[in-house]
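Subject: Structure handover

Hello,

Here is the structure I said I would pass on. Please look through it before reading my notes below.

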Amino acid sequence: MNNLVEIRNLRVAFDGVPVLHGIDLDVAPGEALGLVGESGCGKSVTWLAALGLLPGKASVSGSVYLQGQDLTGAPRQALERVRGKRVAMIFQDPSSALNPVIRVGRQIIEALRLHRGLAGTAAKTEALRLMDLVGIPDARNRFNLYTHEFSGGQAQRLMIAMALAGEPDLLIADEPTTALDATIQAQILDLLITLRHEMSMATVFISHDLAAVAQVCERVCVMYAGKIVEEGPVAQLFDTPRHPYTQGLFDAIPSLSGPRRRLVPIPGTVPDPRHLPTGCAFEPRCARARTFCTQHRPELLPQPEGRQLACAYPVPVAQDAVQPEEEYQ
Amino acid sequence: MSPLLEARDLVRIYQTRRGLLGRPSNVRAVDGVSLKVRRGETLGVVGESGSGKSSLGRMLLGIDTAQGGAVYTNGKAMPVFGSPEWRSLRARIQMIYQDPLAALDRRISVAEQLREPLDIHRIGDSESRMARVHEVMLSVGLRLDQADKFPHELSGGQRQRVVIARALMTEPELLVCDEPVSALDVSIQAQVVNLLADLQHDRGLGMVFISHDLKVVRNLCDRVAVMYLGRIVEEGPADTIFSDPQHPYTQALVSSVPQPGRALKSRIILQGEPPNPGNRPPGCAFHPRCHKAEDICRHTVPETRSAGVECRAACHFAGHASLRELA
């Protein structure tokens, strides 16, 4: 088994309403994987479920293997050895994820003590090294400050320092730059890329920002209504998106260069998980949908060019476009 | 003809104190901002958090009183906040907020929310008010059966449509939008951006569009003003600002927007964070983060100067050929 994480048929339901409909996902060691989708598509729930972080009312089925060890249904103690240590997670809002009444230095030391058993001077030296590593200027003098004395970008750097304390194999970054200003966002993306190479850890980057994902990741999964609808290498997906939803996401984003054009929004809204369409979940919003799509839910299937796709009538690639009769009846 | 909206040298100062007994200190959130909005024109205001964009927006509406400078609408000075003249002016200048759920009243239906501005400004009788509610609902893409719904029964995009509809009820001449699409998902964001563009085009509205999302601003705005620490550092036509920015801060800002297919290495990544407005660096406020800063920037505040056609920038080197070569 070569993959770091293997998720198989992961399903989650809240109060009997399914929100995740069978996710299969692999993460290779050292790989940077992006998860893209709109709010409520299940991109965060996937990883919260995998790490056993969902509240009790959620029913989770399927399996999650971390280097052969099954995490689903694992006892709390086993999970606690994984969480924060081998798989670390950082969140969108750093100021609410850090403890406001404990000095930041102590928070980092706490993580070092829990995950690496460090104490005393060794812990402090390591904590300072981590603060330097994530680019906190003048770490020694700011070791004893509280979180409110740091700006949003620096609080996110502190979160990253704490996440690195356990020397994780996998860092899950859940919308890490969404709450930050553009210039600070660029700094944090840069930091994530550098750290991944220096520490040779895998990164899962959860974001709704396709462009940010493109800069950090090698492979992307696009999710819609609790399913992966398209998966493939970044360049392939961005050059020739084939799922109409992926294509729609690209068309909806205004561009910074080239002629100004009217945006092409995706009509309608994300379906209510309680009343999902019987066929493809994207069918009501899809311009390419046909009768077939209203009855059959497409499976995620491997394509000859290397990607996986869940669509019965995908967007044609250039050579397909030569046969317009078949495609546009 | 005088412009629809004109602001001259606006200043807004907040008092803060450090700790309970600390000495109060003044933070100049907006520091000498002048701008003009013509009829049918969209002015984008961009900048990072703390740059004073929202404070500026509130002053343009007269919700916050300017401590220096003045706001003119159609050539007339802004009446005093709360006065009858101000109230009647507010029917013609409306605001659209970022968080629709916070801007809407959760306990009354969509139709009542939309009727409220007409009740307040005493426009029409009850029959014509309802007719107007239905007319505006359709024009922003809401269905009439949604009139009896409450805000929590609507999706985020629909709620923002209600907020926009409410702002349009009194047929304003000017809309001030403060981050109107930031809380929306990409696919819904495009719907609302198109809606704003259509409304602006069809009704000839003037619009001030405050946002940190440069892509949306470029798509929607005719002119753009870039703010840094309470001042406008560059202003010009949207196309010029984004294709040939003159101020180093604008250059960094434009370059920091992630674009697929462009490597991170080719971007200008600014060092450091925006400084605290309470502790403004001397000289050019941007010099500690600027890669082109020279001695003059450390002690002399740059004047706003012309930098190309209809462009002005507050940088000692703006408009110089040498800067373009460096960039």
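The notes that follow cover the conventions, the annotated domain, the interface and some salt bridges.

This is a predicted model, in which local features need pLDDT of at least 70 and side-chain atom pairs count only at pLDDT 80 or more, while totals for chains, interfaces and linings use all residues. Residues are numbered from 1 along each chain as its sequence is written, chains are lettered from A and ligands numbered from 1 in the order in which they are written, and side-chain values use heavy atoms, with hydrogens and water left out.

The domain

UniProt, in an unreviewed entry, lists residues 5–250 of chain A as "domain: ABC transporter". UniProt positions are given in the numbering used here, feature names are shortened, and annotations may be inferred rather than shown by experiment. That span is 41% helix and 26% strand, and its end C-alpha atoms lie 29 Å apart. Helices (H or I, at least four residues) and strands (E, at least two) are DSSP runs, numbered from the N terminus.

The interface

In chain B, 42 residues are in contact with 42 residues of chain A, contact meaning heavy atoms within 4.5 Å. The two chains bury about 3,600 Å² between them, and carbon and sulfur atoms give 52% of this. Buried area is the accessible area (1.4 Å probe) that two parts lose on being put together, summed over both. Val186(B), Arg218(B) and Glu273(B) supply 18% of the area that chain B buries against chain A, more than any other three residues.

Two salt bridges are counted between chain B and chain A; a salt bridge is a side-chain nitrogen of Lys or Arg within 4 Å of a carboxyl oxygen of Asp or Glu. One salt bridge joins the side chains of Asp198(B) and Arg262(A), at 2.9 Å from N to O. On the side of chain B that touches chain A, H7, helix H8 (214–220), helix H9 (238–243) and helix H10 (248–256) of chain B each supply at least two residues. H7(B) gives the most, with eight residues.

Helix H7 of chain B (residues 186–203) also holds Gln189(B). Is Gln189(B) buried or exposed? Gln189(B) counts as buried, because its relative accessibility is 12%. The cut-offs are under 20% relative accessible area for buried, over 50% for exposed, and in between for partly exposed (1.4 Å probe, protein chains only). Leaving aside neighbours within four places in sequence, Gln189(B) is in contact with Val181(B), Leu184(B), Asp213(B) and Val216(B).

Salt bridges within the chains

Over all chains, the structure holds 34 salt bridges. In one of them, the side chains of Glu230(A) and Arg307(A) meet at 2.7 Å, N to O. This pair links distant parts of the chain, 77 residues apart: Glu230(A) is in strand E10 (residues 227–233) of chain A, and Arg307(A) is in the loop between strand E11 (301–302) and strand E12 (308–309) of chain A. Glu230(A) is buried at 0% relative accessible area, and Arg307(A) is buried at 1%.

In chain B, Arg38(B) and Glu41(B) form a salt bridge at 3.3 Å, N to O. Arg38(B) is partly exposed at 44%, whereas Glu41(B) is buried at 7%.

Arg115(B) forms a salt bridge with Asp119(B), with the closest N and O atoms 3.4 Å apart. Both residues lie in helix H4 (residues 110–120) of chain B, four residues apart, about one turn of the helix.

Regards
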